[in-house]
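Dear colleague,

Please read them with the model open beside you.

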Amino acid sequence: MNRDRAAVYESTTLTAVRETSKTTKNADLPEEIRSFVGDSDLETHTIKLIANQSARQEVHPEVKARIKAAHGLGVRALKAVPRVGAYRIDDPDGTFYLDNGVDEDLALWVDKAQEVTASIEAKGLGMAQLMKLGLGLAGDPQGAWFSALTKAKDIHEQREIERAFAEWADADSIASHIAYGIDVFCSNDMGNSNATNSILDVENRAWLTQTYGVQFMSFDDLLAGLP
């Protein structure tokens, strides 16, 4: 839930559970890789990290019920914008998440998603708002921004952090839509709850339409357009 997000992020730790190493002979490397490494063999080290969030609560039963109902209708979720240390989704049959490709197609999806989020964050929106709040509360520009999100001094700062989490979710959702090539973003949210500015307010909706061709629809608009 939104009210729990600060505590969940502050409780996040990473545990290394497995490390593997592999050597690929130079002769077996693709030409584009060989141009970087020269005549050397390529050593690959893979470390599996497990994210632990001790403060994370069980998903609300109503949320579970809605997800189950949507899945029964054939709805598939979009994969989130990858961040450093992003988790891997285990969905081999593609029954829960919309496929975003492999190899070159996946790389194009990742590049586009990160391009959009970088543009959004350059405007001070999306994750940038939460990072700014976290760094301000930590008082240490070199510290981890998410480690101080529970240090709000009063209810006003708490609500500001909650709004910033929601803004991050909205921005990454739009970036994922764009990376998938989905041209319609369906939401009744006009960003009115954000005390600063929102990626979903009128001005930024216009920017997204002009820059990325995003078409915004309400739920009623979407229903009216269905056959």
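Glu157 is found in helix 6, where helices (H or I, at least four residues) and strands (E, at least two) are DSSP runs, numbered from the N terminus. This is a predicted model, in which local features need pLDDT of at least 70 and side-chain atom pairs count only at pLDDT 80 or more, while totals for chains, interfaces and linings use all residues. Residues are numbered from 1 along each chain as its sequence is written, and side-chain values use heavy atoms, with hydrogens and water left out.

With a relative accessible area of 18%, Glu157 is buried (buried means under 20% relative accessible area, exposed over 50%, partly exposed in between, with a 1.4 Å probe and protein chains only). Leaving aside residues up to four places away in sequence, Glu157 touches Leu137, Lys151 and Ala152, contact meaning heavy atoms within 4.5 Å. Glu162 also lies in helix 6 and is likewise buried, with a relative accessible area of 18%; when residues up to four places away in sequence are not counted, Glu162 touches Asn2 and Arg3.

Helix 7 covers residues 202-212, and its buried residues are Asn204, Arg205, Trp207, Leu208 and Tyr212. Because these residues cover an arc of only 160° around the axis, they are on the same side of helix 7, the arc being that of the directions from the helix axis to the C-beta atoms. Val202, Glu203 and Gln210, on the other side of helix 7, are exposed. The cover over the buried residues of helix 7 includes helix 4 (103-122), helix 6 (155-180) and strand 4 (215-217).

The two ends of helix 7 also deserve a look. At its start, a side-chain oxygen of Asp201 reaches to within 3.3 Å of the backbone nitrogen of Glu203, and just after helix 7, Gly213 takes a positive phi of about 75°.

Elsewhere, Glu58 lies in the loop between strand 2 (42-53) and helix 3 (61-72), and at 69% relative accessibility this residue counts as exposed. Glu58 and Met1 are 57 residues apart in sequence, and from C-alpha to C-alpha they are 9.5 Å apart in space. Leu14, which lies in strand 1 (residues 12-24), counts as exposed because its relative accessibility is 53%.

Key. A polar contact is a pair of N or O atoms within 3.5 Å; within protein, one must be able to donate a hydrogen and the other to accept it, and residues adjacent in sequence count only if both atoms are side-chain atoms.
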